[in-house]
Amino acid sequence: MNIERLTLRDFRNYASAELVLSPGVNVFCGENAQGKTNILEAVGLLSTMRLFRSGQKRDAIRFGAPQAEAEAQFFAEKRDMTIRAVIPSSGRVQLAVNGVRQKRLSDAAGILRSVLFCPEDLMLIREGAAARRRFMDIALSQLRPNYARYLAEYARLHENKIRILKDSEEKPSLLDTLDDFSFRMSMIGGHIVRYRAYYLRALMQKARGIHASISGRDEQLDYVYRTVSTVTDPFASAKDIGAQLWDHACTHRAAEIAAKSCLSGPHKDDLELTIGGKSAKAFGSQGQVRTCALSLKLAERDMFFDDSGEYPVLLLDDVLSELDAKRQDFVLNRIENGQVLITCCEPEKLAQVEGGRLFSVENGTVCETC
């Protein structure tokens with residue numbers, strides 16, 4: 001899978017840009033705050049329907065412009081494809097695949113696949129549970145489009161349930177619908193938990209081998225998937241898991257009304273990682289934590305290849321500057337296959353990468369450097 005042409009209009013600090021990319025390594029060099037990361041973010045948007053630096057898609061609109069546009073012409077599954085996103089200043093985001101408008105953003109999940117690795121990901125292990133859920137959700141939404149639909153439906157139900165709980169004091173009749181939302185969330189949640197359990201098991205099988213190769217130590221990387229306590233087997237059928245989530249919701253109904261919050265569910269899940277049997281978050285050194293995060297990201301890329309036989313577009317956002325020489329070499333030696341987009345302030349660090357294209361970025365202008 002590789003992007004042949006990327007077109008931006010009024011996206012972040014780009015009034016207009018058209019990039020012809022190499023199927024191999026593409027390096028974007030320039031000073032800070034010139035727009036290098038914006039290029040990667042456009043690819044990420046077309047791939048995951050998210051901006052990785054902002055929760056609000058309208059933040060992508062160039063100041064003073066009515067809308068932002070991003071389009072990628074790419075080759076995948078042995079055919080040429082196009083995906084285009086239009087983000088208006090008001091109204092819904094419009095998405096088209098091969099010129100056909102999509103009814104829901106989740107309908108385009110997994111068409112253009114990418115894996116992002118940025119400096120913030122190096123601290124993925126030490127961050128809160130939300131960061132690790134986001135890590136799972138972004139990958140799974142591309143690998144399994146049905147998961148993206150379940151996730152979107154769950155988010156909608158969760159938002160409505162929160163509104164009911166918060167407004168119930170003034171309008172007690174709203175509680176008449178509470179159980180309906182809790183039940184539906186439990187049934188959808190059963191699918192989410194099951195998808196996550198299977199994905200993490202496969203991911204960690206790969207991550208363990210990568211971790212051992214980087215660390216060179218006898219420290220086994222392992223994990224615990226933490227979900228709602230009533231779920232006895234996250235690999236069971238979605239129906240059985242949903243029933244267990246529903247039992248937990250019923251038990252905590254009064255507590256949720258009192259707290260005016262959804263106290264349990266897949267929206268509270270976490271991925272706990274261990275190194276040598278000890279919590280990586282609590283006891284891992286800075287080097288161990290970075291090796292752990294790097295292993296997860298490279299394993300994620302391998303998961304995509306195993307699923308489709310094609311490597312996803314790998315987005316490396318200035319991550320090399322945050323790694324020591326040993327880890328830099330490990331990453332660079334694993335990107336020989338597939339398309340890679342790298343942002344870098346110091347191009348000399350990429351001297352060992354052969355072929356590809358080098359682009360200079362300055363104040364929202366991109367030009368290829370011969």
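Predicted model: local features only at pLDDT ≥ 70, side-chain atom pairs only at ≥ 80, totals over all residues.
Colleague: Which residues touch the most other members of the largest nonpolar core?

Modeller: In soluble globular proteins, nonpolar side chains tend to be buried together. Here the largest nonpolar core holds 62 residues, and I125, L273 and L296 touch the most other members. Helix α4, residues 178-215, gives the most to this core, with 12 residues. Another core lies apart from it and has 42 residues, including L21, L45, L46 and A68.

Colleague: What is I125 in contact with, leaving aside its neighbours within four places in sequence?

Modeller: With those neighbours set aside, the contacts of I125 are R132, L273, A280, K281, V289, C292, A293 and L296.

Colleague: In what order do the strands of the open sheet stand?

Modeller: Strands of a sheet pair through backbone hydrogen bonds, either parallel or antiparallel. In this model an open sheet of 6 strands runs in the order β8-β12-β13-β3-β14-β15, and its pairing is mixed. Because β8 (114-117) and β15 (365-369) stand at the edges with a single partner strand each, one side of each is left without a neighbour in the sheet. From one strand to the next, the twist averages 20°.

Colleague: Is the pairing of β14 and β15 parallel or antiparallel?

Modeller: Strand β14, residues 357-362, pairs with β15 in the antiparallel sense over 5 bridges. F359 stands opposite E368 in β15.

Colleague: Which helix packs on the sheet, and which strands does the helix touch?

Modeller: Helix α8, residues 286-308, packs on the sheet and touches β8 and β12 (313-317). The direction of helix α8 makes about 170° with that of β8.

Terms used:
Residues numbered from 1 in each chain as written. Heavy atoms only, no water. Core = buried A, V, L, I, M, F, W, Y, C linked by side-chain atoms within 4.5 Å. Buried < 20%, exposed > 50% of the residue type's maximum accessible area, 1.4 Å probe, protein only. Helix = DSSP H or I, 4+ residues; strand = E, 2+ residues; numbered from the N terminus. Contact = heavy atoms within 4.5 Å. Pairing = 2+ DSSP bridges. Axes fitted to C-alpha atoms, helices over the stretch in contact; angles between N-to-C directions.
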